[in-house]
Amino acid sequence: MPDPRFARRTAWEFDPDPLGSLAERLRVRGELYDLTESNPTRCGFHYEDARIRTALADARNLLYAPDPRGQASARAAVQAYYQARRIDLDPGRIWLTASTSEAYSHLFRLLADAGERVHAPQPGYPLFELLAGQNDLELAAYKLHYDGGAWELDWESLESAWTPQSRLVLLLNPNNPTGAYLRAGEWPRLQAWAAERGLALVVDEVFFDYAFAPDPNRLCDCLQDATALTFVLSGLSKVAALPQMKLGWIVLAGPAGAAAAAIQRLEMILDIYLSVAAPVQNAATELLATAPAIQAQIRARTLANLRELDAGLSASPEVTRFAVEGGWYATLRLPRHHDDETWARRLLEQDSVYLHPGHFYGFSQEGCAVVSLLPREPDFREGIRRLLERVRQAS
Ligand SMILES: Cc1ncc(COP(=O)(O)O)c(C=O)c1O
């Protein structure tokens, strides 16, 4: 009997992850300083438990009323979220998905055929590689350039990555992990560049609400006057810090003809799956209403941890931090005695500090590391203290 055959797109390398296993053992023993923690439900924030549980006990949950776009009440809740950001949306341009990750997959299926190209920022979110591969697309990175004080889009690398097979450009506002927002000033150029080439723009705004300070130059509304087909993605996972609820959304803008064709096709894709569960849709208005309070707690935590980090760095000139405007992460540059993988291994083995090496996010600079700003303050402080002490000893 022949062996069952598997699709090439699932031929991943299933190497054991020794760092991950060691981190798990240390976690079980209560000894881990986990600076990779990005699950907000594990970080001691105060959720409005009763309100969330009541919202999930809606009697309408016992009815099945499928709508490929998502239920009107839930789309109205998304519309209200944008209204609070002073963005007026037509609910007919909002679609619900089970997550932002799923939304990416739907858009990849909508916009590109097998072998075509999707452009994504580097450094950037590691899941893109897997999402592109799962949809038989080629991921072509464009670079984000660090000028010493800020991250900016490297136009030359975007233009040179483009080929006639390019179909869409992913943009993160702000980026994960660098926390850099898109500039309002570069948006018309990006729109025109994409429109001229028939490319779609996909803007991931999951961390949009987590800015450390206001900035008038930040791109706040990428839906207005879109000349290219433009999709904005977000979801409860970060907006309400509820990744377990599984609710994301897609918002569309762009020229009328292309938008009408996109709507018809996208709704067909969504109709194939109907993947958003009724309980989360019925609860969406209430769940989104809990967002401001949880966001305030997260912003206070990430800012406090960022200040703590900076206080430590001021006494440790060997380690520097890249500028960060928002999001849940800070990015560091460690001395070059070791590469980033070796630093990550040593810190875990010797100091029980777990962080992500920069190559995981595609940093081209040597010795980079990414730390989450979500952990409880005492854990974060001790993790950073140990990291800086280890660097001092190695210097
Ligand atoms: C930039 C970015 N986009 C999307 C997601 C995934 O969100 P979801 O839980 O809605 O799939 C994440 C998760 O960390 C993320 O960092």
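Mentor: Domain bounds here come from an automatic or database domain assignment. That assignment gives domain 1 (16-46 + 292-394) and domain 2 (49-289). Keep in mind that this is a predicted model, where local features need pLDDT of at least 70 and side-chain atom pairs count only at pLDDT 80 or more, while totals for chains, interfaces and linings use all residues. Residues are numbered from 1 along each chain as its sequence is written.

Trainee: What makes a residue of domain 1 count as in contact with domain 2?

Mentor: Two residues are in contact if their C-beta atoms, placed from the backbone, lie within 7 Å. By that rule, 25 residues of domain 1 touch 25 residues of domain 2. The domain centres, taken over C-alpha atoms, are 27 Å apart.

Trainee: Which elements give two or more residues to the domain 1 side?

Mentor: Those are α11 (291-314) and β11 (329-333), and α11 gives the most, with seven residues. The names come from DSSP runs numbered from the N terminus: helices are H or I, at least four residues, and strands are E, at least two. By class, this side of domain 1 has 15 nonpolar, eight polar and two charged residues. Here nonpolar means Ala, Val, Leu, Ile, Met, Phe, Trp, Tyr, Cys and Pro, charged means Asp, Glu, Lys and Arg, and polar means the others, Gly among them.

Trainee: On to helix pairs. Why are α1 and α12 called roughly parallel?

Mentor: Angles run from 0 to 180 degrees between N-to-C directions, using axes fitted to C-alpha atoms, for helices over the stretch in contact. Under 35 degrees counts as roughly parallel, over 145 as roughly antiparallel, 65 to 115 as roughly perpendicular, and the rest as oblique. The axes of α1 (residues 18-28) and α12 (residues 340-351) come within 10 Å and cross at roughly 25°, so the two helices are roughly parallel to each other. Leu 19, Leu 22 and Ala 23 of α1 make the contact with Ala 344, Arg 345, Leu 348 and Glu 349 of α12. That comes to five nonpolar, no polar and two charged residues.

Trainee: How do you know which hand the α3 and α10 crossing has?

Mentor: A crossing is left-handed if the near helix is turned anticlockwise from the far one by less than a right angle, and right-handed if clockwise. α3 passes α10 in a left-handed crossing, and α1 passes α12 in a left-handed one, whereas α4 passes α5 in a right-handed one.

Trainee: What puts a residue in the shell around the ligand?

Mentor: Its C-beta atom, placed from the backbone, has to lie within 6 Å of the molecule. The shell includes Ser 99, Thr 100, Ser 101, Tyr 125, Asn 176 and Asp 204. It divides into four nonpolar, seven polar and one charged.

Trainee: Where are the cis peptide bonds, and what is omega?

Mentor: One joins Asn 173 and Pro 174, with omega about 5°, and another joins Asn 176 and Pro 177, with omega about 15°.
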